[in-house]
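Dear colleague,

Please find below the sequence and structure that I am handing over to you. My notes on the findings follow directly after.

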Amino acid sequence: MNQAEPQPTRLLHHEDTGLLDFEATVTAVQTRAHGCEIALDRTAFYTESGGQPADHGVLAGRTVLGLRREDGVVWHVVNEGGLAPGDAVTGCIDAARRRDHMQQHTGQHILSQAFVREGARNTRGFHLGAEESTIDLDGEKPEIELCESAAVAANDCVFSDRPVRIHEVPREDLDRLPLRRDPGAEHEVLRLIEIEGWDWSACGGTHARRTGEVGAIHLLGLEKVRGLWRVRFLAGGRTLRYLFRAHRVLDETARAHSLRWDGLAEAVRAWTTEIAELTREVRSLRVERGEQEAERLLLATKPGSGGVRLLGLWREGAEPDELRALASRFYAAYLDAVNQR
């Protein structure tokens, strides 16, 4: 450290999650092996926390390579130095990434409350991934009917375009609020996210201003992970891109077989049944061919001294079913010869 310890950074995204451009003053600079770290008096950059990845963007014309928070100070890792304490700088957040993260994180709040309302399943974990997001639910396995009803309820919340508000609430006032779960943190003042008429939850992430900004929520699948039920989901632009890709694949596959895309499932079931029947028939024919080949070889060879047949065989390209039948017939012939002695 080449100057006094900086004061804690003011987190602008806690006040306005839609803020993408901001001005700040450099409070400290330190050089590291991985680059130059810059502390500011205030920042709109979100550092990775609570299952949500960090923002990307530019600070004073420098690419922000990473972010970390230590003792309340946000350090911005940039690709070049040249800044000093007291310098005025501007920051710009990657808008597309911030919008995507707000959609996924707000979508998680909405979906988690939907599972509480529809099936009394509480969320015990959340992860916002690069391709999809997940929530981990407690309790028994959510059946398909519960997943569908939760998805419908969540999208109803989205389409009703409810306001999303940020509150700073003293810990002693928490009892009067319908929190979805105990925040567990020991802070004297907690940041709460309210989705009007739907959900209250303690959270430090970035969220949409209204539920309509979240876009459609789509469930991808369900699996058991460490005693919890992990629900994979998409929200907003991710849902739209996924549905575009999925429909394109379905439509192209269906057209290749002169079908409509919504007729593929029935066609695949019929093809699966037909393939199973053909597979059984082919195996039966291979066994029959192996037995016939064994008979031909046995007839074509004469016993040597002591009544022993010597046979060399190379079957290139033969299937295992055929070879097993051939070997089985040879072994049966051997047993017959032994029993006749």
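**The sheet and its surroundings**

In this predicted model, an open sheet is formed by 4 strands with antiparallel pairing, in the order E9-E10-E15-E14. Strand E9 (123–128) and E14 are the edge strands, each of them pairing on one side only. From one strand to the next, the twist averages 20°. Helix H4 (residues 237–256) packs on this sheet and touches E9, E10, E14 and E15; the direction of H4 makes about 85° with that of E15.

Strands E14 (residues 217–225) and E15 (residues 228–235) run antiparallel and are joined by 8 bridges. Among the paired positions, Leu219 has Phe233 in E15 as its bridge partner, and Val225 stands opposite Leu228. The hairpin has 2 residues between its strands, and Arg226 adopts a positive phi near 50° there.

Asp138 lies in the loop between strand E10 (133–137) and helix H3 (144–159). Is this residue buried or exposed? Asp138 counts as buried because its relative accessible area is 15%, under the 20% cut-off. Its side chain makes a polar contact of 3.0 Å with the side chain of Arg124. A polar atom of the Asp138 side chain also lies 2.9 Å from the backbone nitrogen of Asn122. Neighbours within four places in sequence aside, Asp138 is in contact with Arg121, Asn122, Arg124 and Leu228.

With kind regards

Technical notes
Residues numbered from 1 in each chain as written. Predicted model: local features only at pLDDT ≥ 70, side-chain atom pairs only at ≥ 80, totals over all residues. Heavy atoms only, no water. Buried < 20%, exposed > 50% of the residue type's maximum accessible area, 1.4 Å probe, protein only. Polar contact = N/O pair within 3.5 Å; in protein donor to acceptor, adjacent residues only side chain to side chain. Contact = heavy atoms within 4.5 Å. Pairing = 2+ DSSP bridges. Axes fitted to C-alpha atoms, helices over the stretch in contact; angles between N-to-C directions.
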